Amino acid sequence: MSFSASVKEELSKINTFSDLELIKAELYGYMLKTDMSKQKIAFLTENEYNINRLNKLLKTLEIDYNIKMNGNNYLIEFKKSDIDFEFKENQETKKAIVRGAFLGSGSLTEPNNRYHLEISVKEEKGRQKIIDIVNEFSIDVKKLDRKYSYSIYIKER
């Protein structure tokens, strides 16, 4: 298992399921990876812990969804109209947004070498949201524009 996958496994075990505000914020973070202009959201991952976490978030919010296998990947689909993204922003919900974004589209290299954390999102607005949150914790991030996504990264100097 890669270092990034083991971190995602550990994050997926955080129990926030009694707090609907945190669940909505984390789901919002996951959704930053997707095309939010579409009515049907499709989320693809090979990480079993990741799909189980997303499954629990959707189930707790009582959102109808389908999970299918697509090769070695899990595909979860649901309607955007079923989601209420209104939540109070505070330190805990901001952490939940970043956690969801990392679980949804992040990677992290082994820190014994030189660490490199990257999160890719579909829209520039979503990237700026993550940058604003991470900057509140005095962490300097860099931007990277790709052909079909926008990324932030943190790299050891």
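User: Let's start with Ser4. Where is the place of Ser4?

Analyst: Ser4 sits in helix 1, residues 3-12. Keep in mind that this is a predicted model.

User: Is Ser4 buried or exposed, and why?

Analyst: Go by relative accessible area, where buried means under 20%. Ser4 has 10%, so Ser4 is buried. Setting aside residues up to four places away in sequence, Ser4 touches Phe102, Gly106, Ser107 and Leu108.

User: And what about Lys80, where is that one?

Analyst: Lys80 lies in the loop between strand 3 and helix 4. Lys80 counts as partly exposed because its relative accessibility is 26%. Leaving out neighbours within four places in sequence, Lys80 is in contact with Met36, Ser37, Lys38, Gln39 and Ile41.

User: How far apart are Lys80 and Val141 in sequence and in space?

Analyst: They are separated by 61 residues in sequence and by 29 Å in space, C-alpha to C-alpha.

User: On to helix packing. How are two packed helices described?

Analyst: By the angle between their axes and the distance between the axes. Here, take helix 2 (residues 20-31) and helix 4 (residues 91-105): the angle is about 40 degrees, and the axes are 6 Å apart. The crossing of helix 2 past helix 4 is right-handed.

User: Which residues meet in that pair?

Analyst: From helix 2 you have Glu21, Leu22, Ala25, Glu26, Tyr28, Gly29 and Tyr30. Helix 4 brings Glu92, Thr93, Ala96, Ile97, Arg99, Gly100, Ala101, Leu103 and Gly104. Sorted by class, the contact has 8 nonpolar, 4 polar and 4 charged residues.

User: How many residues of helix 2 are buried?

Analyst: 10 of its 12 residues are, so call helix 2 mostly covered. The buried ones include Leu22, Ile23, Lys24, Ala25 and Met31.

User: What covers the buried residues of helix 2?

Analyst: The cover includes strand 1 (40-45), helix 3 (48-60), strand 3 (73-79), helix 4 and helix 5 (124-136).

User: What reach does helix 2 have from its first C-alpha to its last?

Analyst: Helix 2 reaches 16 Å, close to the 16 Å expected at 1.5 Å a residue.

User: And what happens at the start of helix 2?

Analyst: There, a side-chain oxygen of Asp19 comes to within 3.0 Å of the backbone nitrogen of Glu21.

Terms used:
Residues numbered from 1 in each chain as written. Predicted model: local features only at pLDDT ≥ 70, side-chain atom pairs only at ≥ 80, totals over all residues. Heavy atoms only, no water. Axes fitted to C-alpha atoms, helices over the stretch in contact; angles between N-to-C directions. Helix = DSSP H or I, 4+ residues; strand = E, 2+ residues; numbered from the N terminus. Left-handed = near helix turned anticlockwise from the far one by under 90°. Contact = heavy atoms within 4.5 Å. Nonpolar A, V, L, I, M, F, W, Y, C, P; charged D, E, K, R; others polar. Expected span 1.5 Å × (residues − 1). Buried < 20%, exposed > 50% of the residue type's maximum accessible area, 1.4 Å probe, protein only. Polar contact = N/O pair within 3.5 Å; in protein donor to acceptor, adjacent residues only side chain to side chain.
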